[in-house]
Amino acid sequence: MRVYLILFLFLTGCGGSESETFLPSRETKQTIHDGSVSNRELAPIVPVAPESQIKTTIHDDSVSKGELAPIVPAAPETQTKTKTTIHNDSVSNRELIPTVPVAPDTQTNSAGGQDLPAAQFPPSNIKQSAASLEIDGINLSPANYAAGETVKVYVSVKQSVTLERQNFCQWIIDGQVVSDQCSYTLKPGEELKPITIMARVEDGKLYSNTVSNTFIKRFPINHISNNIGMLTLFSDGTIEEYYWSKVKEKTKNVSYLRAFKSEWNHNIRNIYTNDYGFAVIDSAGHFYSWGETRAAGNQYIFDALQNADIAMVANSKTAFASLDKNGDVYISGKFGHLDNSKLQTADKYNAVYGSKNGFLLETIDNKVCVIDKNTQKNKVNNCKLISGVVKQFSSIGNEDDFAILTDLGNVYVWGQQSLAQWNKLDKQQLENIQQLVSTTGTFAALTDTGKVILWGALDKFKYNYQFIKDDAQIMTWHEIDINRYKFKALFATDGAFAGLTHDGQVWTWGSVFSGGNIYSENINHQKLLQNDGINNFDPIVDLLASSHNFTAITSTGHRIVWRGIWDINGETRDGIDIKFLVTDKDIENGRHLLEGWFDYGSGKTIPASNHLLKANENAFVSFSKNKCWVKTRTVRNREVDCFKIYSWGFMQTGAGIDSDDLSPSSILGKVQYIYADKMGFTIHTDRGDVYTWSGHNEAMTPAIEKLYPAKSAVTISE
């Protein structure tokens with residue numbers, strides 16, 4: 001005799017109703033840090049329930065915490081009321097799921113088998129004129145899923161069911177059937193898209209109609225910052241604003257500050273920033289800018305842009321250049337003779353690029369034109385024919401000095417000083433350029449043979465050297481033979497260059513105030529490093545540059561940090577001023593040579609597996625990947641991904657984070673992106689959490705905040 005079970009008993013122990021706590025891994029001894037004030041659990045993961053356990057509910061996995069400066073409320077945390085789509089599965093309609101084209105490539109389901117096209121989705125064999133089971137819910141577990149995570153479908157019915165019950169599911173993403181299983185591992189990028197689940201239930205001779213629900217989860221997909229705040233774009237086409245506290249107070253009720261309006265906050269496809277303004281374009285091509293009007297544009301150009309269909313936007317320091325689909329260009333903000341105007345030229349353009357001092361306009365016939373603050377109205381004539389596609393557009397301190405690098409390795413330059421030096425160079429050396437970098441006054445190009453070419457204010461490979469002698473400040477310049485080495489990459493601070501060779505050496509040139517004289521012959525840093533306990537032969541595997549500082553990582557994970565000298569009365573060693581050099585040994589001995597400088601501890605190394613580093617103007621950040629244990633109310637524990645954060649440099653710009661000194665010490669998830677902000681750093685995780693930290697003065701140690709917690713998927717009414 002068939003045994004019937006009461007639905008309540010059938011659902012007992014379902015994962016969606018359990019709470020979880022996090023324990024350190026037995027191997028790594030990590031704990032979870034959620035970035036909130038209360039340090040409660042960060043984002044519980046719903047344990048995987050057996051296939052026979054059916055009913056779950058949408059569960060918000062985030063910790064309740066106020067958002068710092070939201071303009072538009074975040075997506076609802078709980079499942080919205082939906083119109084469930086019912087498909088008639090009577091005898092006359094044997095195919096339960098409508099046929100949907102299958103993706104061209106072969107899809108593999110989460111169980112390892114091949115997914116079937118929609119036509120092969122198992123039809124009901126039950127001969128009955130009407131459905132006898134009613135589906136009253138389709139849910140995902142975990143509802144707060146991460147990129148690449150395996151997600152299960154739970155289906156609940158109103159009637160009592162037996163052990164013979166079977167669930168049939170189908171996953172549709174981007175109009176393609178990706179799986180016909182009731183669990184599926186999300187492929188890269190699929191977490192950002194609406195997910196449609198079609199399901200039906202059979203129990204012996206009983207069956208249900210096919211029901212569909214569409215789920216969507218809000219993930220952060222882009223982030224920018226400037227001198228007044230930060231902007232985050234989410235996958236649902238909305239943004240969130242956050243303003244630095246000092247700026248927010250300073251600009252309160254100021255008439256020149258245009259605010260973002262809530263009616264703009266939908267279908268946004270991209271975000272932009274200059275030094276004091278923000279801008280967005282939506283899916284219809286509408287352009288909206290706000291912030292200080294000197295950078296965001298006045299009301300006249302703002303209104304003119306409302307009638308344009310904008311396809312592309314670029315920025316300089318204080319202006320935006322918007323290109324519409326007719327090939328016309330509009331300038332919003334302060335930009336010399338072209339302030340807040342539409343360019344009146346015979347040419348039509350198909351691309352626009354920005355640098356701090358100007359814009360590059362590209363025509364359909366491979367002509368590119370530079371406009372800067374000296375460009376007269378209706379006179380865009382500083383143009384060149386180029387070969388290849390623009391890969392990079394840069395400018396240096398002189399307002400009319402620009403350079404571009406194309407995908408074919410060609411470099412083109414503008415500016416009186418640049419052209420004078422460029423024309424003297426050996427043209428055979430100017431082919432197959434692989435990289436273009438610049439300080440505030442000099443360009444450097446790396447050829448495919450590993451040679452370096454300079455032009456601009458610093459036209460020779462030299463560094464300056466400064467020290468105190470007999471109470472007098474002495475500065476001398478020394479030339480070095482850089483091109484006897486073959487470099488694989490170049491890096492630049494505001495006033496100095498560093499080149500990384502194929503065998504792991506670093507050579508620098510430029511201003512001592514920007515780190516331009518490490519590894520020079522006179523100072524002999526290799527000897528200093530060896531004396532400080534760092535192996536003289538450990539090659540450098542990574543290098544980063546901020547505005548005035550360099551960080552190098554050796555193959556053993558040691559850090560070598562050097563930066564500009566701001567106090568000329570710094571420490572000397574053997575009569576040589578080494579204030580710009582900091583090694584792990586210096587930190588251990590307490591030689592914090594610059595006020596406000598922070599390093600994350602003596603003798604600590606960066607894990608070999610960690611190569612995601614980032615630099616902002618005056619700080620650096622790194623993270624380490626770890627495993628942490630999740631403990632539920634049941635006996636089941638499992639390891640999950642988590643990470644630690646370390647930042648060093650000046651605390652005013654986000655240095656001072658050492659996860660080992662925090663309790664708990666780890667953050668749940670994987671790091672998807674690290675963004676360098678003006679005042680600190682922002683991290684997006686694979687779960688959709690947004691963490692940020694910043695420093696506003698030397699006395700303030702930055703603290704990690706969960707700015708926007710990840711939220712569970714919600715359903716979309718059909």
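A nonpolar core, as I use the term today, is a set of buried Ala, Val, Leu, Ile, Met, Phe, Trp, Tyr and Cys residues joined through side-chain atoms within 4.5 Å. Keep that in mind. One caution before we start: this is a predicted model.

First, the overall picture. The protein chain has seven helices and 54 strands. It runs to 718 residues, and 55% of them are buried. Now take the contacts in the chain with a separation of 6 or more. Residues 24 or more positions apart account for 58% of those.

On to the core. The largest nonpolar core holds 25 residues. Which of them touch the most other members? They are Ile138, Leu140, Tyr145, Val153, Trp171 and Ile197. Strand 4 (135-141), strand 5 (150-157), strand 7 (165-173), strand 10 (195-203) and strand 12 (210-216) each supply at least two residues.

Three strands make an open sheet, in the order 4-5-9, with antiparallel pairing. The twist averages 20° from one strand to the next.

Strand 4 and strand 5 run antiparallel and are joined by six bridges. Most peptide bonds are trans. As for Pro142, that residue lies in the loop between strand 4 and strand 5.

Now strand 21, residues 319-324. How many of its six residues are buried? Six of the six, so the strand counts as mostly covered. Ala319, Ala321 and Leu323 point one way. Phe320, Ser322 and Asp324 point the other way. Both sets are buried.

Take strand 20 (residues 310-315). It pairs with strand 21 in the antiparallel sense over five bridges. Val313 stands opposite Ser322. Strand 20 and strand 21 form a hairpin, with three residues between them. Then take strand 22 (residues 329-333). Strand 21 pairs with strand 22 in the antiparallel sense, over five bridges. Here Ala321 has Ile331 as its bridge partner. This hairpin has four residues between the strands, and Gly327 in it takes a positive phi near 90°.

Strand 32 (residues 442-447) and strand 33 run antiparallel, joined by five bridges. Phe443 has Trp455 as its bridge partner in strand 33.

A quick stop at Tyr463. This residue sits in strand 34 (residues 462-469). Is Tyr463 buried or exposed? The cut-off for buried is under 20% relative accessible area. Tyr463 is at 0%, so it is buried. From C-alpha to C-alpha, Tyr463 and Thr476 are 8.4 Å apart in space, and they are 13 residues apart in sequence.

Two asparagines next. Most residues other than glycine have a negative phi. Asn267 has a positive phi of about 55°. Asn267 is in the loop between strand 16 (257-258) and strand 17. It is partly exposed, with a relative accessible area of 46%. Asn366 has a positive phi as well, about 65°. Its loop runs between strand 25 (358-363) and strand 26 (367-372). Asn366 is partly exposed, at 42% relative accessible area.

Last item, the largest pocket. Its volume is about 1300 Å³. The lining counts 34 residues, and the closest to the centre are Asp275, Lys356, Ser547, Glu617 and Lys678. Which elements give two or more residues to the lining? Strand 13 (220-225), strand 17 (268-273) and strand 28 (390-395) do.

Methods:
Residues numbered from 1 in each chain as written. Predicted model: local features only at pLDDT ≥ 70, side-chain atom pairs only at ≥ 80, totals over all residues. Heavy atoms only, no water. Buried < 20%, exposed > 50% of the residue type's maximum accessible area, 1.4 Å probe, protein only. Pairing = 2+ DSSP bridges. Axes fitted to C-alpha atoms, helices over the stretch in contact; angles between N-to-C directions. 1 Å grid on protein atoms, 1.4 Å probe; cavity = no way out; pocket = protein on both sides within 12 Å on 5 of 7 lines; lining within 4 Å. Points joined across faces, edges and corners; volume = space filled by probe spheres on them. Contact = heavy atoms within 4.5 Å.
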